[in-house]
Amino acid sequence: MTGDPALWHRLQFAFTIVYHYLFPQLTMGLAWFLVFWKYLHWRTGDAKYGAAARLWARIFGVNFAVGVVTGIPMEFQFGTNWASFSKYSGSVIGQSLAMEGMFAFFLESAFIGALVWGEKRLGPRNHFLAALGVALGSWTSGFFIIVTNAFMQHPAGYAVAADGTLRIANLVEFLWNPWALIQFSHNQAAALVTGSFAIAALGAFYLLKNEHTEQGRMYLHWGCAVGLAAALLVAFPTGDAQAKLVAHHQPAALAAMEGRFESGPMADITLIGQPNVKMRRLDNPIRIPGMLSFLAFGTFHSNVQGLGAFPEDTWPTNIELLYYSFHVMAGLGTLFIGLMGLANLLRWRGLLDRTRPLLWVLMLAFPFPFIANTAGWMTAELGRQPWLIYGLFRTSDGYSKAVSSGDVLFTLIGFTGLYFVVGLIYLYLIGREVMHGPPPAEVL
């Protein structure tokens, strides 16, 4: 196992990127709440909106800082761990990564200090504009990163140079890759789910403790309202459109996601089961007949290819993990709709604030969007295998041959220890802000 360098290169990058994305998904999910509350504070002068924005801006700031710290190593890994991939495709993906740094990250960075510390000096109007700049920067940053990933999923706008490497042939096609537009919409809706659940959870926490009840009620109601809308958007139309892209352009990935080995019409969608790759079957399945054909291609009689229709060397390299990642993502997404639907039903009836069992559920549910987002990204990346750039460049050809398994394992252990310490500091800082609660009106 330790003799396979590609495994350890992949594992190291997987660990760093999974850990890193815990933080940007929350900042992107919180950004527009801050804009909304700052706008209401500016237009109405109501101190409760200013207090909400101040507390969540501090939480946003901590997330942003830790996201930067954990994101920097990934930039270096393109050169240290994936030099062959960078040599082959750097002229393409380097463009979108550079745009992310120049146009998005600097925009967000320029305004984050003003948002967290500049309220008194800037005044309500300019502080609202600072919040708007942060939100635009965070979402633009996400767009350029997803453009990069979408090129790896579905290459567009490229040409092959004389030396065999890739270059950009059409910048517009590269940036407006249909895969990127749909993936960005799906990802940002999922980030809103994360932000909404975090806000609703803190509101439920304050109400259960009977502290900061006005703020807690506001967090709870807005978190549940936006959470329901975002959870629905994750499923349809964005999730549906993403699934159709996979069906048309990565059919082997779709087959693996559903544990489907045989081709045919009236393809079932699998609710639960255990993929048995050795025996080429799905054990103990619970299925809905015809639904996969309908969801993927629009008719129940559409043919859906199974893994048997493709050469084995083009199958996803870890079918079991891909299958379970997809089903964890889809299952949690369905539960999110149900939970937020129930919460909003009680909210409309005026019962949510007093329904303590549901408040406990909402408070304890906030980690699950992080799990669902992680499972979603694992689905996307595992489904792309065995390709780094789908159909063009294999993962086995992309890692740095000069870096040994021992070197990668050593640095992976180092990252694990360092990120554990960073995580403890993060939890302490966030916990301190939560326990302090929103600042009193006179501070604003």
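A residue is exposed when its relative accessible area is over 50% and buried when that area is under 20%; anything in between is partly exposed. The model discussed here is predicted.

Start at N210. Its relative accessible area is 61%, so N210 is exposed. N210 sits in the loop between α7 (178-209) and α8. Its backbone deserves a look. Phi is near 60 degrees, a positive value, and N210 is not a glycine. Most residues other than glycine have a negative phi.

M266 leads on to S302. Leaving out residues up to four places away in sequence, S302 touches G264, P265, M266, S293 and F297. S302 belongs to the loop between α10 (291-297) and α11.

Next come the peptide bonds. Most are trans. The bond joining F236 and P237 is cis, with omega about 10 degrees. P237 is placed in helix α8 (residues 213-249). The bond from Q385 to P386 is cis as well, with omega near 10 degrees. P386 is in the loop between α13 and β5 (387-389).

Now turn to helix α13 itself. How does its expected span compare with the distance between its end C-alpha atoms? The helix has 18 residues, and at 1.5 Å a residue they should span 26 Å; the end C-alpha atoms are 26 Å apart, so the two agree. Its buried residues include P369, F370, A372, N373 and T374. Among the others are T379, L382, G383 and R384.

Helix α11 (residues 319-348) packs against α13 (residues 367-384). The angle is about 145 degrees, and the axes are 8 Å apart. The crossing is left-handed. From α11, the contact takes in L321, L322, S325, F326, V328, M329, L332 and F336. From α13, the residues they meet include F368, P369, I371, A372, A375 and T379. What is the make-up of this contact by residue type? It has 14 nonpolar residues, four polar and no charged.

Helix α5 (residues 119-153) is another partner of α13. Their axes come within 10 Å and cross at roughly 35 degrees. On the α5 side are I146, N149, M152 and Q153; on the α13 side are W377, A380, E381 and R384. This contact divides into four nonpolar, two polar and two charged residues.

M257 ties several of these elements together in one list of contacts. M257 is in helix α9. At 7% relative accessibility it counts as buried, because the cut-off is under 20%. Setting aside neighbours within four places in sequence, M257 is in contact with V246, L322, Y323, F326, H327 and T379. How far apart are the C-alpha atoms of M257 and G383? They are separated by 7.7 Å, while the two residues are 126 residues apart along the chain.

Note on methods: Residues are numbered from 1 along each chain as its sequence is written. This is a predicted model: local features need pLDDT of at least 70, side-chain atom pairs count only at pLDDT 80 or more; totals for chains, interfaces and linings use all residues. Side-chain values use heavy atoms; hydrogens and water are left out. Axes are lines fitted to C-alpha atoms, for helices over the stretch in contact, and angles run from 0 to 180 degrees between N-to-C directions. Helices (H or I, at least four residues) and strands (E, at least two) are DSSP runs, numbered from the N terminus. A crossing is left-handed if the near helix is turned anticlockwise from the far one by less than a right angle, and right-handed if clockwise. Contact means heavy atoms within 4.5 Å. Ala, Val, Leu, Ile, Met, Phe, Trp, Tyr, Cys and Pro count as nonpolar, Asp, Glu, Lys and Arg as charged, and the others, Gly among them, as polar. The expected span of a helix is 1.5 Å times one less than its number of residues. Buried means under 20% relative accessible area, exposed over 50%, partly exposed in between (1.4 Å probe, protein chains only).
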